[in-house]
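Keep the structure open as you read.

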Amino acid sequence: MTTFFIALAVLLLGYFIYGKFVEKVFGIDPQRATPATTMADGVDYVPMKPWRIYLIQFLNIAGVGPIIGAIMGAQFGTASFLWIVLGSIFAGAVHDYLAGMISLRDKGASLPEIHGAYLGNGAKQVMRGFTVLLMILVGVVFVNTPATLLMNSFTPGWNKYIWVVIILAYYLIATLLPIDKLIGKIYPIFGILLLGMAVAIFVAFLIYKPEIPELWSGMQNRHPDAPNNPIFPMMFISIACGAISGFHATQSPLMARCMVNEKQGRPIFYGAMITEGIVALIWAAAAAYFFGPDSVVDVSGKSGAAIVGIIANTWFTPIIATITVLGVISAAVTSGDTALRSARLIIGDFMNFDQKPIKNRLIIAVPMFAVTAAILVYSISDAKGFQLIWRYFAWANQVLATVTLWAITVYLCNNKGKLWYLITLIPALFMTMVTGCFLFVAKASDGGLGSLLPRSVGYGIGAAITVLGLVLFLCWKKKNKVA
């Protein structure tokens, strides 16, 4: 377990050392008025206490990503620990913090508006549609998963569609209500529950002392289908929310509209991502034991959701195990509704549609929920359909993170000068390579074109896309005479 404790310590140090450095690069101004105070509307621009915002941000960005994603990522071996730690500190937390702070400085602007400001109007139009589609996919994934868990764990005789309808109805209510009426009141409680689950597993580590693989034992690919799942890029797509996630940057503007001081940015944005990294590390370590030869339970062929139940029922009392499953369900539900809320705001910004009147919110929400329901019906009726939707969701999530990193890089070039833009340029290039390679390396069953191309060709295309991105950036930099 030595690797686990070292990784945990590095994550904590990352917040205090690198997080402080990134905050200094951005240059906060504690005296600057925030949108929550200058644009308060009682619906989306609502001042809230920083500890509430932190817990809501953590819950919003977490979902089942740092749980299910980390569990499935652990199949690849100890390389997953490295990605969770380094990805969280140098990519995910930087991405979340700077996207949130740029939004805070720009009247709580939605993510596509930030893309347009720094990548051009064409990018803004494309990313508006792309981001709304991703938010709908998040809603689909985070209805299907908790509905399945609720049916299997508590109402095995029910039709799954009953839970789907209940969750969708709740999503609609949460999407329409002012942010402080429901989300601001109960989400901090669910955030504490999600943290409590991770603490419970940590305590189980100390009690049971499971044999968790060490980094120095080798980073070979331990995936059961390793030939079709190379660590690069598949692991970096599987572990999204536990390292870097474009979905996070769609949630940051929600909280930027509730902050009253720029000093709150580092704990809320950078800190919530590091907290998520810790949760992902704990779940990945637990899963690594159950995937290993010393496991007391055979988990081969089990889904991520099923493995959550196995871990809970193996190490915890029935009451704590039930609470753990409920925590996973609440994590999914409370990300799905904020995803659709974010989609409503993006559409509202695009249409220049005042969101204060309830009828205007309904005009946007009703057709959006109709599309979500239609995709849900498809995903439930076809198991392979859901698997494909999950893969596209994961890939689109990382594409969004990549585009956001490029936009932030341009922002840093324009506003900070020197070489500070390297803190996002390097992650942007890496994620460009990840997402580019995935399309041409992953097999058709995973949503890629790897079944049609030799793997070496797929990697070559991904590398060419990355080099093209760098060349375009350097040409823009030279043309605009940016230092």
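## Helix 9

Let's start with helix 9 (residues 160-176): at 1.5 Å a residue, its 17 residues should span 24 Å, and the end C-alpha atoms are 25 Å apart, which agrees. That expected span is 1.5 Å times one less than the number of residues, and helices here are DSSP runs (H or I, at least four residues), numbered from the N terminus. Keep in mind that this is a predicted model, where local features need pLDDT of at least 70, side-chain atom pairs count only at pLDDT 80 or more, and totals for chains, interfaces and linings use all residues. Residues are numbered from 1 along each chain as its sequence is written, and side-chain values use heavy atoms, with hydrogens and water left out.

Buried means under 20% relative accessible area, exposed over 50%, and partly exposed in between (1.4 Å probe, protein chains only).

## The nonpolar core

Tyr-171 turns up again in the largest nonpolar core, which has 163 residues; Tyr-171 is among those touching the most other members, as are Ile-67 and Trp-283. Helix 13 (residues 265-291) gives this core its largest share, 19 residues. A core like this is a set of buried Ala, Val, Leu, Ile, Met, Phe, Trp, Tyr and Cys residues joined through side-chain atoms within 4.5 Å.

Beyond its neighbours within four places in sequence, Ile-67 is in contact with Leu-194, Met-197, Trp-283, Val-308 and Val-328.

## Salt bridges

The whole structure has eight salt bridges, each a side-chain nitrogen of Lys or Arg within 4 Å of a carboxyl oxygen of Asp or Glu. Glu-262 pairs with Arg-32 (3.9 Å, N to O). Glu-262 sits in the loop between helix 12 (246-256) and helix 13, and Arg-32 in the loop between helix 2 (18-26) and helix 3 (35-38), so the pair ties together parts 230 residues apart in sequence. Glu-262 is buried at 1% relative accessible area, while Arg-32 is partly exposed at 38%.

Glu-262 also meets Arg-105 in a salt bridge (2.6 Å, N to O). Arg-105 belongs to helix 6 (residues 79-105), so this pair links parts 157 residues apart in sequence.

Methods. Helix = DSSP H or I, 4+ residues; strand = E, 2+ residues; numbered from the N terminus. Contact = heavy atoms within 4.5 Å.
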